[in-house]
Amino acid sequence: METTLAIIKPDAVAAGDAGNILAHLEREGFEILAITKLRLGETQARAFYEVHRERPFYDSLVEFMTSGAVMPVALERDNAVKRLREVMGATNPQEAAVGTIRSLYATSIEKNAIHGSDSPENAAIELGFFFSRAELLAAGR
Ligand code: GDP
């Protein structure tokens, strides 16, 4: 079993798609270990997307991610990191395979409904950004 982090982004939360996205993830075999809802501050969003600080879209991404509530979700299944990336679909919804979360709920390359960790190493770091080890261990398995 592997754990990973998804974040339902402000566009999807505001559109009322969070429940559908969570149901989609459960249908795909993910167990929801922990979930929360919060609004990121600018400092937090900049820190979370630190790896992208040199990219031209960094400031816009930070503005978007702080524009409303997000829902970080700790997920578990076998091969969770890779499977979540597949279920999410490509970054640009126009390139996302039919039936993927981004093909269903994203509206642009930026407002693309969901984040998913891109490696087991980053999943561990990103889970720690939102959830304590005690919380994840207490998730009742
Ligand atoms: P992901 O792993 O599929 O989420 O994609 P990346 O790690 O490359 O980018 C992180 C996030 O930045 C994406 O999910 C988008 O919200 C945003 N993003 C990526 N590429 C672009 C872009 O070309 N323009 C804008 N405005 N945002 C982008």
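**Note on the predicted model of the protein chain**

1. The accessible surface of the protein chain is about 7,300 Å², and carbon and sulfur atoms account for 50% of that area. The model is a predicted one, and every value below is computed from it.

2. Charged side chains number 15 positive and 20 negative in the protein chain. The centres of these two sets are 1 Å apart.

3. Secondary structure in the protein chain amounts to 8 helices and 4 strands. Read from the N terminus, the order of elements is β-α-α-β-α-α-β-α-α-β-α-α. The radius of gyration is 14 Å, close to the 14 Å from the globule rule for 141 residues, so the protein chain is as compact as a globular protein of that length. Along the principal axes, the C-alpha atoms occupy a box of roughly 40 × 35 × 25 Å.

4. Of the 141 residues in the protein chain, 48% are buried.

5. The largest nonpolar core has 21 residues, and those touching the most other members are Ile-8, Ile-21, Leu-25, Leu-84 and Ile-114. Two or more residues of this core come from each of strand S1 (2-8), helix H1 (10-14), helix H2 (18-27), strand S3 (71-77), helix H5 (80-88) and helix H6 (101-105). There is also a second, separate core, which has 20 residues, among them Leu-5, Leu-33, Tyr-49 and Leu-136. As background, nonpolar side chains in soluble globular proteins tend to be buried together.

6. Leu-84 deserves a separate entry. Leaving aside residues up to four places away in sequence, Leu-84 touches Thr-4, Leu-5, Ala-6, Leu-25, Phe-30, Leu-75, Ile-114 and Gly-116. Of these partners, Leu-25 and Ile-114 are listed with Leu-84 among the residues that touch the most other members of the largest core, whereas Leu-5 is included in the second core.

7. Leu-75 lies in strand S3. Is this residue buried or exposed? Leu-75 is buried, and its relative accessible area is 0%. With residues up to four places away in sequence left out, its contacts are Glu-2, Thr-3, Thr-4, Ala-6, Leu-25, Phe-30, Glu-31, Ile-32, Ala-80 and Leu-84.

How values were computed: Residues are numbered from 1 along each chain as its sequence is written. This is a predicted model: local features need pLDDT of at least 70, side-chain atom pairs count only at pLDDT 80 or more; totals for chains, interfaces and linings use all residues. Side-chain values use heavy atoms; hydrogens and water are left out. The radius of gyration is taken over C-alpha atoms; the globule rule is 2.2 Å times the number of residues to the power 0.38. Buried means under 20% relative accessible area, exposed over 50%, partly exposed in between (1.4 Å probe, protein chains only). Accessible areas come from the Shrake-Rupley method with a 1.4 Å probe; for residues, only the protein chains shown count as cover. Lys and Arg count as positive and Asp and Glu as negative; His and the chain ends are not counted. The place of a charge is taken as NZ of Lys, CZ of Arg, CG of Asp or CD of Glu. A nonpolar core is a set of buried Ala, Val, Leu, Ile, Met, Phe, Trp, Tyr and Cys residues joined through side-chain atoms within 4.5 Å. Contact means heavy atoms within 4.5 Å.
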